Amino acid sequence: MGAVDVAAPKAGKKPGGLKRVKRRIQIRIDMTPMVDIAFLLLIFFMVTTVFRAPQALEINLPPSKAKVEVPESNVLTMRIIGDGVIFWAVATDPFKTTDLKGIGKVLDEEIKKNPKLITLVKIDRACKYSVMVDTLDELGLAGIDRFSLAPLEDAEKKEVEELQ
């Protein structure tokens, strides 16, 4: 709690008629209860805080020997090179280019044209991991749940680099 220290009065007066200056009262505050409350609040918030659960990307993989025949007209091929440029084509059409911001619009348009569309995503190994995750997020936002993920081969990489 708080305590007040008061100076004891002195006996007698000083000669010369000068008034004696009053001494300032010393106040001392005990900080122990405040520190206790601070630690109790700290412990309370540490115990009751809920941390964000780690986010995981769930991918269902097919059996290793499964072969599925798909008509070429139902395949959207996406080739992603190291700097995040995306080349895409449906069936045997020529490749067109876009980036991560524009791929959502492309996916929405192509799904409206052909709801049976299956996406083949080929990513360059030099590409950042975040580019792959962002691309898969865009596929999810477009409602595409059937896609294949594969590394971009050197011949395919040279082919799309010539288009730049």
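This is a predicted model: local features need pLDDT of at least 70, side-chain atom pairs count only at pLDDT 80 or more; totals for chains, interfaces and linings use all residues.
Start with the layout. The protein chain holds 4 helices and 7 strands. Along the sequence, these elements run in the order β-β-α-β-β-β-α-β-α-β-α. The chain has 164 residues, and 24% of them are buried. Now look at the contacts made at a separation of 6 or more. Of these, 61% join residues 24 or more positions apart.

Turn next to helix α3. It covers residues 129–141, 13 residues in total. From its first C-alpha to its last, α3 reaches 19 Å. That is close to the 18 Å expected at 1.5 Å a residue. Five names make up the buried set of α3: Val131, Met132, Thr135, Leu136 and Leu139. Viewed down the helix axis, these buried residues fall within an arc of 130°, so they line one face of α3. An α-helix has 3.6 residues a turn, so residues three or four places apart point the same way.

The other side of α3 looks outward in a simple sense: Tyr129 and Leu141 are exposed there. The buried residues, by contrast, have cover. What covers them includes strands β3, β4 (86–90), β6 and β7, together with helix α2. Just after α3 comes Gly143, which takes a positive phi of about 85°.

Leaving out residues up to four places away in sequence, Val131 touches Ile80, Gly84 and Leu100.

Helix α2 was named among the cover of α3. It spans residues 100–113 and contains Glu110. Is Glu110 buried or exposed? Its relative accessibility is 8%, so Glu110 counts as buried. Which residues is Glu110 in contact with, leaving aside neighbours within four places in sequence? They are Leu76, Trp88, Val90 and Leu117.

At 16% relative accessibility, Thr98 counts as buried, because the cut-off is under 20%. Beyond residues up to four places away in sequence, Thr98 touches Val85, Ile86, Trp88 and Ile103. Trp88 therefore links the two cases: it is a contact of Glu110 and a contact of Thr98, with both residues counted as buried.

Finally, consider the largest pocket. About 740 Å³ of space lies in it. Its lining is made up of 20 residues. Nearest the centre of the pocket lie Pro62, Ile118, Arg146, Phe147 and Ser148. By class, the lining has 13 nonpolar, 4 polar and 3 charged residues.

Key
Residues are numbered from 1 along each chain as its sequence is written. Side-chain values use heavy atoms; hydrogens and water are left out. On a 1 Å grid over the protein atoms alone, a cavity is a set of points where a 1.4 Å probe fits but cannot get out, and a pocket is an open set with protein on both sides within 12 Å along at least five of seven lines; lining residues have an atom within 4 Å of a point. Grid points are joined across faces, edges and corners, and a volume is the space filled by probe spheres set on the points. Ala, Val, Leu, Ile, Met, Phe, Trp, Tyr, Cys and Pro count as nonpolar, Asp, Glu, Lys and Arg as charged, and the others, Gly among them, as polar. Helices (H or I, at least four residues) and strands (E, at least two) are DSSP runs, numbered from the N terminus. Buried means under 20% relative accessible area, exposed over 50%, partly exposed in between (1.4 Å probe, protein chains only). Contact means heavy atoms within 4.5 Å. The expected span of a helix is 1.5 Å times one less than its number of residues. The arc is that of the directions from the helix axis to the C-beta atoms.
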